[in-house]
Amino acid sequence: MSAKKPPHRNFSFRFAEHADIPLIGEMAQKTWRKCYAEIISPGQMTYMLERMYGAPVIAEEIEDGVIWELALKDNMPVGFYSCTFDQGLQNLKLNKLYVLPEAQGQGCGKTMLARVRNLGAGLGARKIWLQVNKKNVAAIRTYERAGYHIEREDVFDIGSGFVMDDYIMAMAIPEWSAVSSKDAAPVGT
Ligand SMILES: CC(C)(COP(=O)(O)OP(=O)(O)OC[C@H]1O[C@@H](n2cnc3c(N)ncnc32)[C@H](O)[C@@H]1OP(=O)(O)O)[C@@H](O)C(=O)NCCC(=O)NCCS
């Protein structure tokens, strides 16, 4: 019997381009409608999706250097992440991490998190951090499994009477940290 392949071998990645913006929007809609159905109201979901995934918003982010990458399985997009590197603070903010409902639980999220970690290490970040809804138990568990811990909690006023009640989770990257070829392929391949 052959040994089980490491999860990253099942997925490939490519940077998102402007032409991918409608696809990202569709993937976000599908994933959000399922995972946040019990967590936030339909009104808040529509409001946040427009603010975070509206085509002009993503286009501007890509122009501004925010990293958007698509995860592919058998050449079909199954997930995406985005992150922003702050050189002054030497940290990487993981803005988004989503896997289509039908592709969840197959190692894609874990592989993307390994990739984000290696990206952070390669850029010289000393820390990666993110916000996650306090009720998003599955995502919190995924982040904990990847080495993140809850740093603090906060309530963010996002306008129109809506708030985000989040944990801020973080993971330190030691200065000596090297990119592990075992965990993820170099970004951009
Ligand atoms: C959270 C999410 C990104 C994880 O991606 P995934 O591909 O489904 O997760 P993986 O298969 O890579 O599993 C990653 C780890 O988390 C654990 N995990 C994943 N889903 C879990 C769940 N529902 N409950 C408990 N643990 C879970 C897995 O056991 C695995 O740990 P292990 O390898 O040590 O066993 C994905 O499920 C998703 O997109 N969810 C909806 C959107 C979302 O919540 N995004 C995060 C917003 S902050």
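Four elements, α1 (21-35), β4 (91-99), α4 (108-123) and α5 (137-145), each supply at least two residues of the shell around the ligand. Helices (H or I, at least four residues) and strands (E, at least two) are DSSP runs, numbered from the N terminus. This is a predicted model: local features need pLDDT of at least 70, side-chain atom pairs count only at pLDDT 80 or more, and totals for chains, interfaces and linings use all residues. Residues are numbered from 1 along each chain as its sequence is written.

**Ligand shell**
- The ligand is surrounded by 19 residues. A residue counts as near if its C-beta atom, placed from the backbone, lies within 6 Å of the molecule.
- Gln104, Gly109, Lys110, Ala138 and Thr142 are the closest.
- α5 gives the most to this shell: five residues.

**Helix α4**
- α4 has 16 residues and reaches 22 Å from its first C-alpha to its last. That is close to the expected 22 Å at 1.5 Å a residue, where the expected span is 1.5 Å times one less than the number of residues.
- Of its 16 residues, 13 are buried (20 or more other C-beta atoms within 10 Å of a residue's own, with C-beta atoms placed from the backbone).

**Helices α1 and α3**
- α1 packs with α3 (residues 55-63) at an angle of about 120 degrees, their axes 10 Å apart. Axes are lines fitted to C-alpha atoms over the stretch in contact, and angles run from 0 to 180 degrees between N-to-C directions.

Note on methods
Buried ≥ 20, exposed ≤ 12 C-beta atoms within 10 Å, placed from the backbone.
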